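The sequence and the model come first.

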Amino acid sequence: MVPNVVMAGTYNVRLVVFSVCIAVAASYAALDLAGRVTSARGRGRITWLGGGAIAMGTGIWSMHYVGMLAFRLPIPVQYDWPTVLVSLFAAVLASGIALFVASRKEMGYSLIIVGSAFMGSAIAGMHYIGMAAMRLQAMCHYAWGTVTLSIAVAMVISFVALWLAFHFRGETRSGGWRKALSAVVMGAAVPVMHYTGMAAASFTPSTMIDGGVAHALNISALGTTVIIVVTFMILGLAILTALIDRRFSAQALALESSEKRSRQILETSFDGFVEMDAGGRILAWNAQAERAFQWVQLEVLGKDLSEAIVPVRYRENYQQEIRALLASGQGPTLNKRFEITASSKDGREIPVEITISAMRHEKSHHFAAFVRDLSERKRFEQDLREAKEVADAANKAKSDFLANMSHEIRTPMNGIIGMTDLALGTELSHEQREFLGMVKSSADSLLSLLNDILDFSKIEAGKLDFETIDFLLRDTVEGTTKVLGLRAQEKGLELACRVLPEVPDGLQGDPTRLRQIIVNLVGNAIKFTEAGEVILQAEVQEATEEETTLHFSVRDTGAGIPSESQQLIFEKFTQADSSMTRKYGGTGLGLAISARLVHLMGGRIWVESEVGRGSTFHFTVRFKMQKYSARKYEPIGAEELRELSVLIVDDNSTNRRILQEIVLAWQMKPTLCESGAEALTALERAETQGTPFAVIMLDAQMPVMDGFGVAEKIKRDKRLTRSAVVMLTSAGFRGDAARCRELGIRAYLTKPIKRADLLQAIKIVLGSKTAGGENPGIVTIHSIRENRGRLKILLAEDNPVNQTLAVRLLEKRGHEVVVAENGSVAVEALGKQSFDLILMDVQMPQMNGLQATAAIRGGELTSGKHIPIIAMTAHAMAGDKERCLEAGMDAYISKPIRVEDLFSAIEEVFSMPAGIQNPITSTT
């Protein structure tokens, strides 16, 4: 061969491909091994670092030597095996550096640059040491520029390899496409350095072999195959081992993470945590236990729990119980919360709540206890108790003050209102009547204000009591609207009450609160309506066998309420317009109280209104059905009126419909007319047909021809005088009675009329036997009540003004009254005389009304008699009504006494159905 002539070399393409594949496999192994080294701890980490460096280094070295074997020269090439081993060591060193750097917790730029410099240098060293192991009859020459480039390439490749290994070390899956792609990129890049280094070398013929051939080996094709196969086996085994270890490590890491979280939870727990072995010795003690008991963990571990936290005086009992618990793993305190007294390191006793659970540990039990320091809670509870006692005392003081003020205000107001009523019933000049009317109006306003404030204070304090008694719905509703009728008459308004026929009558609930809601809503409607009508209607919303929900509505033709104010009006001290307070007066509490009452009675309240077109207030209330009450209203005493024809004449369609429903319930035959002329035509037609009307119900106030005009026409026609005329009026006027007598009108009744009063009036004017035979001149509400009987009444009252007032009111109704100035005198009087009724003041000297009632009821146990007793009291606070009921009273009215309330209570006491036993009737 010609000296100094560079020999031409070639590459075996198949071996080049194998070298690249080996590089890819080594790169993939490097990515896997980096994760294993990172996750391993202690000796495992050293093992993975060493084994991984050998496996990865073998792969890099094998790639290098397969690449060198792929290089073919025209002369034979041998390899010095000691030098080859040194190059293998350099490859292992490079791999160790790579795994060490990639497994760091954090990798900054300085670390990756230094690591890539060392790793690149080791790879370059491996390559050029491997080149030095070549033994051939040729001289090797290097192009130093290319050598420098190869070393730089080695460092860049090392930089990329370290970054990729660090990035993918946390991958928990094998075979991910990103990881595989990264391995391909690394595997393709590593041979670049090798073949760049090979390109830096050139060979010229020589007669001598540089370095000697004593340790030189000739690598055959079989040797090359063995190197490739063994390399793939080593790399495959490394990847497989890493995969298996990853699975176990993932489980171990999950377990370690779970244990770490559990420990963190226990350490940060608000409760102290203590773990004990079967002997009761402490194995774990968290930070909260340290704070609570002042024992540091190192001090308390291994100590008996009773010595650490149980006070000396309780230890003996504790040790007996804990021994049984520790021995069996069972006990009454296991898995339950219980409170004990514990002690801290300094002997301070602490109230704690403790929960103990058992855990099976090998052949014995361990126990976990959570201990909560209750010191703060106990202090809070004590403060709360003390605050509650203070609040209760303040509330009692307020209640006592309200009760006393109520009594002190109501007593003189009783005299003012009552005496004013009596004075208004006498002959007065126009000016005197006007002045007294103002006095009464002012007193009524003051009484309403007082009642509202008392009721609202009881609601706010949660002391508003509700009773469940039997009552008749129609009597309650109609009686309530009757009381409000005078106010409607004074403003010239039509006030009507309509209870639909399907509404049951016998109910159980609190009629007093129902009256209060109706009075508030109807009273407001009357107050804010200048002309037109106010209609109260009751219907069934839903019903079961046990209870019924009634829907009440109060419709008026007043000014209406703006939409933006419709929710505000149910708030306390709120009205739709502040100017209303100046014009109409009022506290703004009525609707707020009604809303609360409706809510407490299981219903809801709302309003529908349009400015200029009036308002309709709706509310629902739930009542129980009386046990023996019929589902449908069945009037009593109307048998004599069946099949009788009746003519109803009223220009107001609502009134006509209400009267029609009433008489249909009595099985009468109604004919409806909306004007006087139409009524006269109907009368003449009935007379011609030989079916005259038995009764004519005439509205007094009608346009064109009023009721008196119709009555006058009837009187002039002798054919029509056989019908009994009943005049119904919304506003009575002086001289009406004389006109009634003159025109032959048999009854004169004011609306709204109670159906019981209307029934009684019709029976009287028709001369029915049950009504008493002889027909009186003119039937009125007063004559109906007088017709029910004259009573002998015992009045127990210590206040002279109240005595005079009550006596005058009762005597004006024809009753006989005997006065007793206190309870003991009343009991003595009852022993000497017989009475039909007792009106009992509750607060009297010597013997109060409750004591007197108890004495009377005690005497009745032997006599078997029962005399009705109605309580009259200036107290109107929560519990007053209940005390009266418990003492045996039958009804309850509060002072100041209103005439309507007093006689309504008397009427209800004497008209109780047999099925209603001693209900308490309350008018507040």
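## Aromatic cluster and a cavity

Y11, F71 and F203 are joined into a cluster by ring pairs. The structure is a predicted model.

The number of aromatic pairs comes to 8. One of them is formed by Y11 and F71. Their ring centres are 5.2 Å apart and their planes meet at 55 degrees, so this pair is tilted; planes under 30 degrees apart would count as stacked, and planes over 60 as edge-to-face. Y11 belongs to strand 1 (residues 10-11) and F71 to strand 2 (residues 71-72), so the contact ties together parts that are 60 residues apart in sequence.

F71 also pairs with F203. This pair is tilted as well, with 6.2 Å from centre to centre and 35 degrees between the planes.

| Pair | Centre to centre | Angle between planes | Class |
|---|---|---|---|
| Y11 and F71 | 5.2 Å | 55 degrees | tilted |
| F71 and F203 | 6.2 Å | 35 degrees | tilted |

F71, at 16%, is buried. F203 has a relative accessibility of 4% and also counts as buried. The cut-off behind these calls is that buried means under 20% relative accessible area.

## Charges over rings

The charged end of K345 sits over the ring of W295, at 5.4 Å from the ring centre. R604 lies over the face of W606, with a distance of 3.8 Å to the ring centre.

## The second largest cavity

Searching the whole structure gives 7 cavities of 30 Å³ or more. The volume of the second largest cavity is about 150 Å³. It is lined by 13 residues, and those closest to its centre are C497, N655, I658, P752 and I753.

Which elements give two or more residues to this lining? They are strand 14 (494-499) and helix 18 (653-665). Helix 18 gives the most, with 4 residues.

By residue type, the lining of the second largest cavity holds 9 nonpolar, 1 polar and 3 charged residues.

Methods: Residues numbered from 1 in each chain as written. Predicted model: local features only at pLDDT ≥ 70, side-chain atom pairs only at ≥ 80, totals over all residues. Heavy atoms only, no water. 1 Å grid on protein atoms, 1.4 Å probe; cavity = no way out; pocket = protein on both sides within 12 Å on 5 of 7 lines; lining within 4 Å. Points joined across faces, edges and corners; volume = space filled by probe spheres on them. Nonpolar A, V, L, I, M, F, W, Y, C, P; charged D, E, K, R; others polar. Phe/Tyr/Trp six-rings, centres within 6.5 Å; stacked < 30°, edge-to-face > 60°. Buried < 20%, exposed > 50% of the residue type's maximum accessible area, 1.4 Å probe, protein only. Lys NZ or Arg CZ within 6 Å of the ring centre and 35° of its normal.
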